[in-house]
Amino acid sequence: THIKFSGKKSRIMFDRRVDDWIESSPLIFLAYYDDGYSVEVQVNPEFESSEISLEIAKKYATIIGRIPNSLRVNVETVWIHKGMKPFGGGNNNLLIHTDWSEKYYESQGILEEAFIHEAAHTSLDELYLNDLEWKNAQRVDCQFISFYALENSLREDVAESYLAYFAVRYASKRISKKMINTIENTMPERIKFFDKQKQNIYPFISSSND
């Protein structure tokens, strides 16, 4: 990942702390990846210095670069704020609140998983949410991989299911046999659905048991 500072520019950003769009002048960093993709990282000017903003931009841009190509394809911008609010996906964007990241994701070692979930919203929701084959897979499975997916089946099931699918197909050595069995037994039709899609997981290195 190569990061380049591009100045301080006017941007419209979403901030969960006010639950609304804000006009701001974030520090802009351009992140370039070796598979040809680039993303504009917008860092809220509330951080203490440009050096700290650069380190924050590097930190998150590097991790975003590790998630599969197929999930980064629609990510054009990243918004980074302070605050104890959850991440977000959609709007061709990934939304980051750094205090929440440190307390809930980094402390549990699940930051990459959080980005896979949110990037699935950004790059997969539009493709699959209204897809008849996807809806049929949901109907046939008749179960959900998490309570979050169950309670928000129209909005969260693609992202929750893809994360579980990705774990089984490409990172199975990192999860327990029991978890693998649970995923395979809960969403077999969704797994078949994702298997049929074009999955470019570069630069992720598969750690499958297969």
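In this predicted model, helix α4 passes helix α8 in a right-handed crossing. The α4 helix spans residues 111-123 and α8 spans residues 157-170. Their axes lie 8 Å apart and meet at an angle of about 130 degrees. That angle makes α4 oblique to α8. On the α4 side, the contact is built from E113, I116, H117, A120 and H121. On the α8 side, A159, E160, Y162, L163 and F166 take part. By class, the contact residues divide into six nonpolar, two polar and two charged.

Strands of a sheet pair through backbone hydrogen bonds, either parallel or antiparallel.

Strand β1 and strand β4 (residues 27-32) run antiparallel and are joined by five bridges. In this pair, K4 stands opposite L30 of β4.

Further along, the pairing is parallel around β6. Strand β5 (residues 38-43) pairs with β6 in the parallel sense over four bridges. Strand β8 (residues 93-97) pairs with β6 in the parallel sense too, over five bridges. Residue W79 of β6 can be followed in both directions. Towards β8, the partner of W79 is L95.

How covered is β6 itself? Strand β6 covers residues 77-81, and five of its five residues are buried. In a regular strand the side chains alternate between the two faces of the sheet. In β6, T77, W79 and H81 are on one side, while V78 and I80 are on the other. Both faces are covered.

Two loops hold residues with positive phi. N91 sits in the loop between β7 (88-90) and β8. Its phi is near 55 degrees, a positive value in a residue other than glycine. N91 counts as exposed, at 55% relative accessibility. C142 lies in the loop between α6 (132-141) and α7 (147-151). Phi of C142 is about 60 degrees, again positive although C142 is not a glycine. C142 is exposed as well, with a relative accessible area of 63%.

Now follow the chain to another helix pair. Helix α9 (residues 177-186) packs against helix α10 (residues 188-196) at an angle of about 85 degrees, with axes 5 Å apart. The two helices are therefore roughly perpendicular to each other. From α9 come I183, E184, N185 and T186; from α10 come P188, R190 and I191. This contact has three nonpolar, two polar and two charged residues.

The segment after α10 holds P203. The peptide bond from Y202 to P203 is cis, with omega near 5 degrees.

Key
Residues numbered from 1 in each chain as written. Predicted model: local features only at pLDDT ≥ 70, side-chain atom pairs only at ≥ 80, totals over all residues. Heavy atoms only, no water. Axes fitted to C-alpha atoms, helices over the stretch in contact; angles between N-to-C directions. Parallel < 35°, antiparallel > 145°, perpendicular 65-115°, else oblique. Contact = heavy atoms within 4.5 Å. Nonpolar A, V, L, I, M, F, W, Y, C, P; charged D, E, K, R; others polar. Buried < 20%, exposed > 50% of the residue type's maximum accessible area, 1.4 Å probe, protein only. Pairing = 2+ DSSP bridges. Left-handed = near helix turned anticlockwise from the far one by under 90°.
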